[in-house]
Amino acid sequence: RPPHPLSLRERKRITMESQVEVKQIIRQLRIQTGAVKRLTNDLKSYVEEKDAFLKKLEELKKQGADKYKLKNQRELLEETCAVILDTHGKVTEAYEKLNRLVVAGKEINEVAESELFEKGCEQLRKTHELLNKKKKKTASPGNEAKDQKSKFDRLRTISVFGSSAVKQDDVHYKMAVEIGEALAKEGFHIMNGGYQGIMEAVSKGAAKHSGAKIRGVLVPKVFPMRKGGNEYLTDAPEAASIEERLAILVGGACGFIVLPGSLGTLTELVMAWNTAVLAPLSGSKPPPIIAFRDPWEKVIKGVQETLKIPEQMIGCITFVDSAEDAIKKAKDKFSGL
C-alpha cells in the first residue's frame, strides 16, 4: 500500500522546523566560535605573560636583587601560572563544544555552506594548534641518536597501571590481557611495573604480537621477595627507589591506562594526573589518562570535593567501564600521539 502523501500544511510545518533548527545551529556556532576565539587569545596572552615574568625573574637573580623583589616576582609568576591552568581547561571545554557543533553542522547543507561554519572550522584549527603545540627539543652534543631514540620510544609508549595481586582467573587480569594485546596491535610499546598481576597480564597480552616492546621497571631493593620481572618483558630496567620507578613510568610515557588497584596504583594515577594538569605550563599537550570508573571515579571525585579542585582538572581523566571501552578510548585518545 503506497504511503499517504503529506499534506501542504504538514510539509510547511516540517520546512519551518528545519529552518528553525538551521537558525539555532548557526546562532550557536556564532556564539561558540566567539567564545573559543576569546579564550584562545586569553591563553596565548597568559602564556606570553608567564614567559615575560620568568625571564624577568632570571634577570633579577643575575642582578643580585633583594629578597623582596624576588618574592614579588615569584608571586606574579605563580598567579599567572594558576590562571593558565584554569584558562587551559576552559579552552579545552569550549573547543570540544564547538567541535560537536561543527560535526552536527556538516550534516546540514545550509549550515555547512555558511560563512559562520567556515569561521568555526578555522577557529578549531587555530585552537587545536595551540592546545597541541609540540615543544622543540635540542639534542645533546654527541648524543643525537640517543635522544631521537628516547623521544621515539616515549611517543609510542603507554604505561599501564593496576593491582599486583590479581590472579589469572580474575576478570581484571583478563581485561588487562585484552588491553595489552590491543595496544601492541596498534603499534604501541607497553610499560608497567614489571611484576605480577595486572603488570604480567598486560605484558602477556602485548607479547602475543611478534616484535612488541614490553618494558617492566623493577625495584629489587624495595621488593627483594619478588624474583625478577614477569616472563613476557623484553626490557627490565632496575630503579633504585619507588620515586625513581615512578619518574620512569610517568615521565617515559605519552599516555596512561589505569586498571583497578590499591595504594601503589593510586600513587601512579595521581602522579600521571598531576603531570597532565601541569603540562600547559611548559607548553606541552596533557598526556591522555584512561581510568576504570570503578574504583577511580569515586576516589578522584572525593579528592576534588575535599580539595576544591576545579572541574576542568577532572577532565584530564577519561573514565571507562570495560576493556572494550578502554580499548576504544585508547584508539581515539592515543591515535594522534
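How many cavities of 30 Å³ or more does the structure contain? The count comes to one. A cavity here is a set of points, on a 1 Å grid over the protein atoms alone, where a 1.4 Å probe fits but cannot get out. Grid points are joined across faces, edges and corners, and a volume is the space filled by probe spheres set on the points.

The model is a predicted one, in which local features need pLDDT of at least 70 and side-chain atom pairs count only at pLDDT 80 or more, whereas totals for chains, interfaces and linings use all residues. Residues are numbered from 1 along each chain as its sequence is written, and side-chain values use heavy atoms, with hydrogens and water left out.

**The whole chain**

Helices (H or I, at least four residues) and strands (E, at least two) are DSSP runs, numbered from the N terminus. Of the 337 residues, 39% are buried; buried means under 20% relative accessible area, exposed over 50%, and partly exposed in between (1.4 Å probe, protein chains only). Among contacts with a separation of 6 or more, 72% join residues 24 or more positions apart, a contact being heavy atoms within 4.5 Å.

**The cavity**

Select I179, A182, L183, E186, I257, A326, I327, A330 and K331, which line the largest cavity; lining residues have an atom within 4 Å of a point. By class, the lining holds seven nonpolar, no polar and two charged residues. Ala, Val, Leu, Ile, Met, Phe, Trp, Tyr, Cys and Pro count as nonpolar, Asp, Glu, Lys and Arg as charged, and the others, Gly among them, as polar.

**Aromatic pairs**

A search of the whole structure finds three aromatic pairs. Rings of Phe, Tyr and Trp (its six-membered ring) pair if their centres lie within 6.5 Å; planes under 30 degrees apart count as stacked, over 60 as edge-to-face and the rest as tilted.

Select F161 and F256, a stacked pair with 5.9 Å centre to centre and 20 degrees between the planes. F161 belongs to strand β1 (residues 157-161) and F256 to strand β4 (residues 255-258), so the pair ties together parts 95 residues apart in sequence. Both F161 and F256 are buried.

Next, select F188 and F334, an edge-to-face pair with 5.9 Å between centres and 70 degrees between the planes. F188 lies in the loop between α6 (171-185) and β2 (189-192), and F334 in helix α12 (residues 323-334), 146 residues apart. F188 and F334 are buried as well.

**R226 and two rings**

Show the side chain of R226. Its charged end sits over the ring of F223, 4.0 Å from the ring centre, and also over the ring of Y195, 4.9 Å from the centre. A charge sits over a ring if NZ of Lys or CZ of Arg is within 6 Å of the ring centre and within 35 degrees of the ring normal.

**Helix α7**

Select residues 198-206, helix α7, where eight of nine residues are buried. These are I198, M199, E200, A201, V202, S203, G205 and A206. Their cover includes β1, α6, β2, β3 (214-216) and α8 (242-251).

**Helix α1**

Finish at V47 in helix α1 (residues 8-63). V47 counts as partly exposed because its relative accessibility is 25%. The C-alpha atoms of V47 and V83, 36 residues apart along the chain, are separated by 9.5 Å.

Technical notes. 1 Å grid on protein atoms, 1.4 Å probe; cavity = no way out; pocket = protein on both sides within 12 Å on 5 of 7 lines; lining within 4 Å.
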